[in-house]
Protein chains: 2
Amino acid sequence: MSLVVIGSVAFDALETPFGKTDKIIGGAATYISLSASYSVKPVKLVAVVGDDFPQSDIDLLQQHGADTEGLQIKQGEKSFFWSGKYANDLNSRETLVTELNVLADFDPVIPDSYQDCKYLMLGNLTPQIQRLVIQRLVNRPKLIVMDTMNFWMDIALEELKTTIEMVDVLSINDEEARQLSGQHSLVKAAKIILDMGPKYLIIKKGEHGALLFDKKQIFFAPALPLEEVFDPTGAGDTFAGGFIGYLAATDDISFENMKRAVIHGSAMASFCVEKFGTERLLNLSQEEIEAREQQFADLVAVAPVAVAAS
Amino acid sequence: MSLVVIGSVAFDALETPFGKTDKIIGGAATYISLSASYSVKPVKLVAVVGDDFPQSDIDLLQQHGADTEGLQIKQGEKSFFWSGKYANDLNSRETLVTELNVLADFDPVIPDSYQDCKYLMLGNLTPQIQRLVIQRLVNRPKLIVMDTMNFWMDIALEELKTTIEMVDVLSINDEEARQLSGQHSLVKAAKIILDMGPKYLIIKKGEHGALLFDKKQIFFAPALPLEEVFDPTGAGDTFAGGFIGYLAATDDISFENMKRAVIHGSAMASFCVEKFGTERLLNLSQEEIEAREQQFADLVAVAPVAVAAS
């Protein structure tokens, strides 16, 4: 059940209505691997950073179950940096700074020890690079999950579609599903996207939950109504990490088990947003995670109508 | 289990991306009573129309279980008229015309035969009129459910709060809950609104489902992902009618039964939006309704993890 994760490992500087941070560790692969590590270890990381990336952050990833053999450190270069500011309702954000730096010419290297990959998570990156990783694995993984974003739909749609065709599960948000399909109805959007190749589609709706589709079925997982969302950064990646981590740990890719994986991912994401950056993902207990999953189950549970005893 | 419904009975002229209608029967009490009639009959209607309101529409209400003894017909006056146009995504609408007409000086009359009222549904109206109905009932009903809208928060907030304090269940949408409470988080909003008096709060989130709160518990009912929403007019009223109709029919106001009532109401609303105006609510079968409720249950159902047989 070897799990390989590719994506950005980066610096983020965040501003929300509740405060701001200097450069802290961020990036899709960081959130994915931290989240997945609660289900499965090691998480075999494929990423690139500059020599400005502190050893302490690499140590932190390793302490949380990451195998960093596939993490390239580029001497004399700088790590990817993103800075963003959230609106008061946290539903929209403005990008203040994007410095690609080492990501500009990222050439992913797959160590031999990663060639046993059974579960592959393609975090948000150029679709060409996502595809390169699939091509550089000698054996096709049992399950490939892909995250992406509207940015690639805007500037590299054909490349994106070529990569989407190669994966098993595509995970995007509702606006991205509408953009990719040209359909407002998510049910119609899902049909069109599933015709592009993936067997499964996850549509993330943020505070409104997530939908899982295959060609015949729909499953809906609610989001937990939270008193306070502190910082939404990384929630989608944390969801994806929880989702694929759960599938890798149980090694069961049936639709029924994917439902559980969606709920597990949603539970992990609900922790992520409670504090700045990755903070809340660093010290969760299995008891906390199970209790949160139970809250998700309770939220939609309806007792059957009692039948009068005979 | 006598059910009394007050609200507008009116003309609507609707325009959606899929077409437009001339004046057709509309109004909160129309949708509420049509929807409730699938659970309980008669639905005792308190409303007012002008002499322009056709007998055929009154016949239609009666054929669908409405007791119209409390429906006043004002000679020489015109019925309430609303005209609206929906945006392409159907999530926002523009009011083109609002003619209060007979509603401007509506003085609700409660027939003696309505005094057995056990379940009272206050459809959207001036909060003063909603309160008058409560006061004109000799005995306080077992359950009072109130619907309202942001309009009254804008122009009659104190009157609105006085009425809210007198009801058991308040049903509003997410933006209204935020406006009424001054809180963006719906969990925080619910706490503040429940402190205003109601024991239960329903927050309708349209295509994103509905939340039911009491002071200790939260229940979430999803909305059914639909291929096509044809016309959202009346969906909230249809939900409310289904909700209170279910409670009146089962005569059980426990939180657990309210969950079932929320799902029944959501199922009724999902029919409503499939056609223009009240059309889809006129000829539903119990089999169709039960099948739709089953779809809601299936949407969130997760089979327990199988334990290996010993």
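**Reading a predicted two-chain model**

Trainee: What makes Phe243(A) count as buried?

Mentor: Its relative accessible area is 1%. Buried means under 20%, exposed over 50%, and partly exposed in between (1.4 Å probe, protein chains only). So Phe243(A), at 1%, is buried. Remember that this model is predicted: local features need pLDDT of at least 70, side-chain atom pairs count only at pLDDT 80 or more, and totals for chains, interfaces and linings use all residues. Residues are numbered from 1 along each chain as its sequence is written, chains are lettered from A and ligands numbered from 1 in the order in which they are written, and side-chain values use heavy atoms, without hydrogens and water.

Trainee: Is Phe239(A) buried or exposed?

Mentor: Buried, because its relative accessible area is 4%. Phe239(A) and Phe243(A) sit four residues apart in helix α8 (residues 235–250) of chain A, so about one helical turn separates them. A helix here is a DSSP run of H or I with at least four residues, a strand is a run of E with at least two, and numbering starts at the N terminus.

Trainee: What sits over the ring of Phe271(A)?

Mentor: The charged end of Arg292(A), 4.0 Å from the ring centre. In chain B, Lys23(B) lies over the face of Phe81(B), 4.5 Å from the ring centre. The rule asks for NZ of Lys or CZ of Arg within 6 Å of the centre and within 35 degrees of the ring normal.

Trainee: How do you know that the span of helix α9 of chain B agrees with its number of residues?

Mentor: Helix α9 (residues 255–272) of chain B has 18 residues, so at 1.5 Å a residue it should span 26 Å. The expected span is 1.5 Å times one less than the number of residues. The end C-alpha atoms are 25 Å apart, which agrees. Of the 18 residues in α9(B), 17 are buried.

Trainee: What superposes chain A on chain B?

Mentor: A rotation of 180° with 0.0 Å of shift along its axis, at an RMSD of 0.0 Å. That is why we speak of a two-fold axis. In chain A, the C-alpha nearest the axis belongs to His208(A), 3.0 Å away.

Trainee: What makes β7 and β8 of chain B a pair?

Mentor: Six bridges join strand β7 (residues 81–86) to strand β8 (residues 93–99), and the two run antiparallel. Pairing needs at least two DSSP bridges. Trp82(B) has Thr98(B) as its bridge partner in β8(B). The two strands form a hairpin with six residues between them, and Leu90(B) in the turn has a positive phi of about 65°.

Trainee: Why is Asn101(A) called partly exposed?

Mentor: Because its relative accessible area is 26%. Asn101(A) also has a positive phi of about 50°, although it is not a glycine. Asn101(A) lies in the loop between β8 (93–99) and β9 (119–122) of chain A.

Trainee: Which peptide bond is cis, with omega near -5°?

Mentor: The bond from Lys41(A) to Pro42(A). Pro42(A) is in the loop between α1 (28–36) and β5 (43–50) of chain A. In chain B, a cis bond joins Lys41(B) and Pro42(B), with omega about -5°.

Terms used: Least-squares fit on C-alpha atoms with pLDDT ≥ 70 in both.
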